[in-house]
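Work through the exercises below with the sequence and the coordinates at hand. Each task is followed by a solution in steps.

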Amino acid sequence: MNTIIRKSMLSVAGLAFAGGVFAGPIAAHAAPVEGKPVAVAVQAVKAQGPQSHIDLNDEQTANVKAIIAATKKAGLPERAAVISIATSLQESKLENLGHLGDMNDHDSLGLFQQRPSSGWGTPEQITDPEYSTTAFLKGLKQVDGWQDMALTDAAQTVQVSAYPDAYAQWEQQATDLVAQHWNN
């Protein structure tokens, strides 16, 4: 019964996110001067719906940096990193989760709660932050117009979650994390 009530409450809460308006981060790149790093300016986000925030420990911060590194390696912009980090915040709170027993959602693992049985990779691959991010980004690149979509819509198209609007609550924190770590 608790699961039914919880799912119902989350579904109702998710509907509240659906009416929001989204404006994604826009990066402004300055020309490099004397080999110094290029500054990235991320405009304030008009995030969709109420926003959540968690304080990150060292492991979670390392996972943020791993997601950003994989995004850069894939040649994708900051927007892809924002979507990836928001997705991971929702799915695992940026923790590289192994099998959680009865608390596990099927066979979901890693930063993005990807499932070996759904073709995301082996358990070893899925729990590798670079691999799991690259797999998520591969799915994201297959979504037509992902760059201009509401974050929660882009993430949901890749993840196919039971709570499709839940990703929106992490947009501001994900945007802030990308702005903070993109040039590190």
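**Exercise 1.** Which residue caps the N-terminal end of α2?

Solution. The model is predicted: local features need pLDDT of at least 70, side-chain atom pairs count only at pLDDT 80 or more, and totals for chains, interfaces and linings use all residues. Residues are numbered from 1 along each chain as its sequence is written, and side-chain values use heavy atoms, with hydrogens and water left out. The cap is Asn 57, with a side-chain oxygen 3.0 Å from the backbone nitrogen of Glu 59.

**Exercise 2.** Find the span of α2 and compare it with the expected span.

Solution. Step 3: just after α2, Gly 75 takes a positive phi of about 75 degrees.

**Exercise 3.** Determine how the buried residues of α2 are arranged.

Solution. Step 1: buried (under 20% relative accessible area, 1.4 Å probe, protein chains only) are Gln 60, Asn 63, Val 64, Ile 67, Ile 68, Ala 70 and Thr 71. Step 2: viewed down the axis of α2, these residues fall within an arc of 165 degrees, so they line one face of the helix. Step 3: the face turned away from the buried side carries Asp 58 and Lys 73, both exposed (over 50%). Step 4: the buried residues pack against α3 (78-92), α5 (129-141) and α7 (171-181).

Conventions:
Helix = DSSP H or I, 4+ residues; strand = E, 2+ residues; numbered from the N terminus. Expected span 1.5 Å × (residues − 1). Arc of directions from axis to C-beta. Contact = heavy atoms within 4.5 Å. Polar contact = N/O pair within 3.5 Å; in protein donor to acceptor, adjacent residues only side chain to side chain.
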